[in-house]
Amino acid sequence: MRELGYNCAWSGPYSTERNFKGYVDLELARRVYREEKIPHGLHIPLILHPVERPVGTIRPDVFSDEYKAYVKTEVEKLVPQYADEPLLLGYYYGFGCFIFIYDWLNETLGRKPGSPGREHLLNILEGRYKGDIQALNSVYNTDFESFEILQQSGTVTYPLNWQVDRLYEIQKEPDPKKRKMMEDAEALLGEIVVQIYKLAEAEIRKYDQNHMLLGGFVKDYTFTDGIWKNWLPTWMSWPLKKAK
């Protein structure tokens, strides 16, 4: 690594999501990185890569108590051990974890009525349309009589081909209804991203005030400009704590 000019390893001595069959000796890898004094990141698997999820399962409801408990458990497993690690760069939450984000959005909206994530996202939609269900119907070609009925027994879905088209510049979309749907989707996806990062930040900072929070591995087609715009104002409002 050093002969090639590398001075750190962002993904750490191993990558858990690429090691789910146990090909890497984790204790050996950790020892080698410490002995060779290689700065590295630590993976806390808060979001599974698509290849990790068992066939037939869907992404978690990140607004649920179950997911909050999962984040708490995963952080407790690792962070206390590394809080004083001088070679640690910081923590990241998953590799390729936001691939197929519209799948994730549709899965959350398609959960059973009363599910926390579904309720939260539908409430965001109601706010975006100022409670005017006919305005939403005109965009989504639906016929809901009220947002209450939508919450009780309906849903909206987003075209999966958006994730292939990489539609970054929504303002250039000629169809105003499709453009509005895409703006809605970006706002809802931003809610999911913010929730994950808030939970991770809150739990990690219970044990470690100093190392960086690297977040998820974001690929070039993962987030559109609109998702960043929905996410950043919230992220920038979080209180920053001075490192020791």
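Trainee: Why does Glu203 count as buried?

Mentor: Glu203 has a relative accessibility of 13%. Buried means under 20% relative accessible area, exposed means over 50%, and partly exposed lies in between (1.4 Å probe, protein chains only). With 13% set against the limit of under 20%, Glu203 is therefore classed as buried. This is a predicted model, in which local features need pLDDT of at least 70 and side-chain atom pairs count only at pLDDT 80 or more, while totals for chains, interfaces and linings use all residues. Residues are numbered from 1 along each chain as its sequence is written, and side-chain values use heavy atoms, with hydrogens and water left out.

Trainee: What makes the meeting of the side chains of Lys206 and Glu203 a salt bridge?

Mentor: The term requires a side-chain nitrogen of Lys or Arg within 4 Å of a carboxyl oxygen of Asp or Glu. The N to O distance between Lys206 and Glu203 is 3.1 Å, so the pair meets the rule. Lys206 itself is exposed, because its relative accessible area is 54%.

Trainee: How do you know that Lys72 and Glu76 are separated by about one helical turn?

Mentor: Both belong to helix α2, residues 65-82, and they are four residues apart, which means about one turn. A helix here is a DSSP run of H or I with at least four residues, a strand is a run of E with at least two, and both are numbered from the N terminus. The two side chains also form a salt bridge, at 2.7 Å from N to O. Lys72, at 35% relative accessible area, is partly exposed, and so is Glu76, at 34%.

Trainee: Why is Glu35 called partly exposed?

Mentor: Its relative accessible area is 49%, so Glu35 falls in the intermediate class. Arg31, its salt-bridge partner at 3.0 Å between the closest N and O atoms, is likewise partly exposed, at 43%. Glu35 and Arg31 lie four residues apart in helix α1.

Trainee: How many salt bridges does the rule give?

Mentor: The count comes to nine. Arg128, Lys180 and Asp184 are linked in a network of such bridges.

Trainee: What makes Tyr6 exposed?

Mentor: The relative accessible area of Tyr6 is 52%, therefore exposed. Tyr6 is placed in the segment before α1 (26-35). With Met1 and Leu4, Tyr6 makes a nonpolar surface patch of about 370 Å². Patches consist of residues with over 30% relative accessible area and no salt bridge, with like charges joined within 9 Å and nonpolar side chains (Val, Leu, Ile, Met, Phe, Trp, Tyr) within 5 Å.

Technical notes
Accessible areas come from the Shrake-Rupley method with a 1.4 Å probe; for residues, only the protein chains shown count as cover.
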